[in-house]
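Please keep the sequence and the structure in view while reading.

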Amino acid sequence: MFTSAQALSLFPLLSAFIPSALALDASAMRSKSVYQVITDRFARNSSVTTTCNVADRTYCGGTWSAIASELDYISGMGFDTVWISPVVSNIGGTTGEGESYHGYWTLDPNTLNSNFGTADELRALSTALHNKGMYLMVDVVVNHVAATSSSTFTPSAAYGPFSAQDDFHPFCWITDYSNQTMVEQCWLGDSSVALPDLNTESNTVKQYWDTWITQLVSNYTVDAIRIDTVKHISQAFWPDFVNAAGVFNQGEVLQGDAAYVGPYQNNAQVNPFNYPVYYPLVRAFNGTNQNLQELTTMVSTVKSSFNDPTLLGSFLNNHDNPRFESYVADTSLIKNAHAYPHVSDGIPYVYYGSEAGFKGGNDPDNREPLWTTSYDTNSDMYKFFASLNAARSAAGNASSSFYTNQMNVSTLSNTALLVNKAPLISVLSTSGSSAADASVTVPSSASGWASNTKVVDAVSCNELTTDGSGNLAVTIKQGLPVVLIASSQKGAVCANGTTSSGSGSGSGSSSSSKSAGEKTASGMGLWMAGALSAAVFGLQALL
Ligand code: ABC
Ligand code: CA
């Protein structure tokens, strides 16, 4: 079986007309592993040398074309999908909260943010990713635009399509997050930067956005979208929007209560980030010997609250929360916490800089420039993420149901968590790096392993063998995570050696696996139909 890129290279003429992308649907997305960047902070042209002070909240010079130049750095850790900041033009100048460098302060959704590059450069990033068998995820904001003051804000042509008073909900601040009508119809922001709330119940606004997302995806060959502020728009808005997008969506419903977040997946066709697990996950590893009960209970709650927990976005860090590393310095606790999203249900997301040991706290401190690290591919954490991605891909290759089967999570001791997502079985520890060696047993009843089965730990690359009953004795050393898979996968997870977390084997491995639902031949047909109809009807590009 050859890849789309290879297929297209056989037909150079065709490939000139058909985007080489294989847009991601839900089933294809399950096998993906996402690296999140802040476009302004991930990479910039080397000719720009100004200092980037995060506290200033100003543009630091990151661009789409500079991201395209660092794709090997990302794929070298085994990530195959890149989530970039919102791409549309934002309010200019400075505010009480600095500049719009993060991209969430929309001015005109019909034009691009020129700080990040041109339309051709965005397309070139998309193409560069696809040529490497990688995927582009774009962040989209449809809840609001931005203004420097709530009282002086007036809809005008500057806001592109949103120039009428009726396009907006009347001004009021969101002051009570338990009042859902207020959450949906009042404004986010504050006296420095107001986020005028769009009247997404209006047919004009709704239809604009549906057309906009179809064209954005098509114009830039976007493979998946991250949707901002999902809970600030009524659930009824979303099904048409996500269908118009036609690609996988991961949505931000910033709430820790699974009962609140669940309906967005179950009714509104949005796949939320797993904020319900995020908070207990941070607390579980926030210091040694934390109680693990809250996390195991939440895993059960999530299972009963969501139609499909395997499509949730699993993360430890992102651009809105203090980095985990700002709470915890112990490298073993950090590794265990980072392992969780990779070895559990859902699509793993890693926020840029986690591999570089960044430890910024609250926004804006958690948005450090990455160029100061010289894109070091030899750091312990860089290699650790490569091992995690390799283990996850190996499990997906070993079992067709790996991504869709739901895990079981339980405790093996007060400090050891068993994450059982066969054929990947992990023991995560809260004991910290200075703890004495500790032994736990993974029972055959949980793992399903037969007697005398050889397994390998993708982190240490040590091999272990089950006993005559199929039970496995695991020694936790220095509080490090243990990520186990059948030894037949050793070549995939520990290609270069037998010791250390740095197997360095993750390069490109996860992008090589294609799951059953991936749009291959038929997807190409769709793209061809799209290209033809665009040519025939002269489809007007909004962007
Ligand atoms: C700016 C400054 C910040 C300053 C802030 C007030 O203003 O930079 O330093 O603190 C963008 C920028 C930000 C900017 C904001 C506002 O715009 O990135 O730098 O902050 O101008 C999304 C994006 C986010 C983006 C926006 C706006 C939305 O991911 O990057 O911000 O487009 C709410 C929204 C959520 C939003 C988030 C920032 O604010 O719902 O969509 N994120 C509670 C509420 C949440 C609320 C959260 C805010 O507080 O329920 O709705 O998020 O802190 C749990 C509970 C949760 C609770 C948390 C705190 O605790 O279960 O409900 O969340 O236990
Ligand atoms: Ca709203």
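Donors are N, O and S atoms within 2.8 Å of a metal, with the limit set at 3.2 Å for Na, K and Ca. Water is not among the atoms, so sites may look incomplete. The model shown here is predicted.

**The calcium ion**

Along the sequence, the donor residues of the calcium ion (ligand 2) follow the spacing N-x40-E-x12-D-x34-H. These residues are Asn143, Glu184, Asp197 and His232. Aspartate 197 and histidine 232 link distant parts of the chain, being 35 residues apart. Aspartate 197 is in the loop between β7 (194-195) and α9 (203-219), while histidine 232 is in the loop between β8 (224-227) and α10 (238-245).

**Ligand 1**

Which residues come nearest to ligand 1? Of the 22 residues around ligand 1, they are Arg57, Lys231, His232, Asp320 and Asp363. By class, the shell holds five nonpolar, seven polar and ten charged residues.

| Residue | Distance to an oxygen atom of ligand 1 |
|---|---|
| Histidine 232 | 2.6 Å |
| Aspartate 363 | 2.6 Å |
| Arginine 367 | 2.9 Å |

Taken alone, ligand 1 exposes 1,100 Å², and the protein buries 69% of that area. Ligand 1 sits in the second largest pocket.

Methods. Residues numbered from 1 in each chain as written. Chains lettered and ligands numbered in written order. Predicted model: local features only at pLDDT ≥ 70, side-chain atom pairs only at ≥ 80, totals over all residues. Heavy atoms only, no water. Near = heavy atom within 4 Å. Polar contact = N/O pair within 3.5 Å; in protein donor to acceptor, adjacent residues only side chain to side chain. Areas by Shrake-Rupley, 256 points an atom, 1.4 Å probe, with all protein chains shown as cover. 1 Å grid on protein atoms, 1.4 Å probe; cavity = no way out; pocket = protein on both sides within 12 Å on 5 of 7 lines; lining within 4 Å. Sits in = over half its atoms within 2 Å of the grid points. Nonpolar A, V, L, I, M, F, W, Y, C, P; charged D, E, K, R; others polar. Helix = DSSP H or I, 4+ residues; strand = E, 2+ residues; numbered from the N terminus.
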